[in-house]
Every structure is written in structure tokens, then in C-alpha cells.
Amino acid sequence: MTSDAVSRPDDVRRTRGRPPGPGVDLLARRETLLDAAESAISASGNEFSLGQVADLAGLTRSAVYAVFDDKSDLIASLTRRHTARITHHLGAAVTGAPDLQAATRAAVEVLVEWVENESSLAPVLMPQMHRGVGHSAIAGYLETLLEQGFATLGSDVRAAGPWARALIGAISVTVGWWVRERTMDRDELVDHLTSLLWSGFQGAQPSPDP
């Protein structure tokens, strides 16, 4: 990073390219570029370019580099944007659920809905989430939910950690298939995934002493 770089929230920074000029709101520009990146990914998938993003935003490539180091940095920022949205919806859904099973279904529905609604973005962002970019926040919500389930059943709450991460992977793969095949409606898919998870809870119950 150059000596004149300025520290800003969520990695908004200038590292190269010409200065943005007086009066430029880099936070607002960042959001504009992220919006443009979403459009570019919808059009070109992971093959999108920063030049394409700049064109869609009505800016120059140097304006892109004033905010993001490179394409990987932009994708990481876009991943964090969507992670924040997912965790917000997870929190609201789980908090409003009347019981643990309903909370489990609500969490599954949030994840399924995101992958369905962001069918172009999900294949690009999910690998980032699996590598840890923003992933811990989503997994943290699910891990807390699963800990409650295992505790209710008298099972080892440490199982919640791997289960939470396995659930994210299972949902992303399953919904990716479902978006292509559409063999059932979304509610039915959520029911199947919830039943699978809930049956796993039951199977995790400790065996009674002989």
C-alpha cells in the first residue's frame, strides 16, 4: 500500500491509479462498483473483467483500482456484502421462530432463497465463503442454532461446528442442482432439507444405557 493510502471501513482504500479527485465519496463509489460487479457477473460469470465493471459503472479502470486492488479484492468485498445480508436475514428468521425445529427450517429457507435468488452470483461467491471470506459469520449463526439442538437432545454440542459447515456446503450443492432441474417447488425442497437435518438431530441422540 502506498504511503498516501487512507484507512477506510471495510477495506475501502486507494492503492494505485490516479487520485479520485476532490469531493469523491469513495464509500458511495465502492457500492456503485459492487453493483456493477453484480451485473457483470450476471452477464459473464467468473469471466467478468474489471474493465467490464468500470464500463457498467460509467467509470474508468483507474477509478476501479482506486477502490479495489484487483479482481480478487473486488470479489472478496462482494462476498462480504452478501454475507452481511445473509446473516441479517438469518438473525431475523431464527429470532422470530417459535421453536427449534421452526428455527432450523427458517435458517435453511434463508440459505436456499439466497442461492436461488442469486443464482448467477452464488457460484462465484460460494467458493470465497468456503475459503473463509465472510463464511465465519454465516457458520456462526448456524453453529449457535445447532448447539441448541444438540444440547436439547443431550448430545455433544461440539458437533455443531462441523455440522454447521457441512450444512452450508450441502445446501449450496443441493440448491445448485435444484435451480437447474426444478423437480419440486422451493417449499418442498426446504422441507426435505429440514427433515434431513432434523433426522440427523434425532440420530445424534445418545444411546440409552444398557
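Reader: Which helices each supply at least two residues of the lining of the largest cavity?

Author: Helix 5, helix 6 (122–130) and helix 8 (160–181) each do. This is a predicted model, in which local features need pLDDT of at least 70, side-chain atom pairs count only at pLDDT 80 or more, and totals for chains, interfaces and linings use all residues. Residues are numbered from 1 along each chain as its sequence is written, and side-chain values use heavy atoms, leaving out hydrogens and water.

Reader: What makes a run of residues a helix?

Author: Helices are DSSP runs of H or I with at least four residues, strands are runs of E with at least two, and both are numbered from the N terminus. By that rule the chain has 9 helices and 0 strands.

Reader: Why is one space called a cavity and another a pocket?

Author: Both are found on a 1 Å grid over the protein atoms alone: a cavity is a set of points where a 1.4 Å probe fits but cannot get out, whereas a pocket is an open set with protein on both sides within 12 Å along at least five of seven lines. Lining residues have an atom within 4 Å of a point. Grid points are joined across faces, edges and corners, and a volume is the space filled by probe spheres set on the points. The structure holds 1 cavity of 30 Å³ or more, and the volume of the largest cavity is about 60 Å³. The largest pocket comes to about 160 Å³.

Reader: How do you know how the lining of the largest cavity divides into nonpolar, polar and charged residues?

Author: Ala, Val, Leu, Ile, Met, Phe, Trp, Tyr, Cys and Pro count as nonpolar, Asp, Glu, Lys and Arg as charged, and the others, Gly among them, as polar. The cavity lining includes Ile86, Trp114, Met126 and Ser172. Sorted by this rule, its residues give 9 nonpolar, 1 polar and no charged.

Reader: And which residues line the largest pocket?

Author: Among them are His82, Arg85, Ile86, Glu113 and Trp114. The pocket lining divides into 3 nonpolar, 3 polar and 3 charged. Helix 4 (71–95) and helix 5 (100–117) each supply at least two of its residues.

Reader: Why do arginine 81 and glutamate 38 count as a salt bridge?

Author: A salt bridge needs a side-chain nitrogen of Lys or Arg within 4 Å of a carboxyl oxygen of Asp or Glu. The closest N and O atoms of arginine 81 and glutamate 38 are 2.8 Å apart, so the pair meets the rule. Arginine 81 lies in helix 4 and glutamate 38 in helix 1 (residues 26–44), so the pair ties together parts 43 residues apart in sequence. Both belong to a network of salt bridges that links Arg30, Glu31, Asp35, Glu38, Arg81 and Arg85. The count of salt bridges by this rule is 11.

Reader: Which residue forms a salt bridge with glutamate 116?

Author: Arginine 186 does, with the closest N and O atoms 2.8 Å apart. Glutamate 116 lies in helix 5 and arginine 186 in helix 9 (residues 186–203), so this pair joins parts 70 residues apart in sequence. Glutamate 116 has 18% relative accessibility and counts as buried, while arginine 186, with 24%, is partly exposed.

Reader: What is the phi of arginine 182?

Author: It is near 50°, a positive value in a residue other than glycine. Most residues other than glycine have a negative phi. Arginine 182 sits in the loop between helix 8 and helix 9.

Definitions and conventions
Buried < 20%, exposed > 50% of the residue type's maximum accessible area, 1.4 Å probe, protein only.
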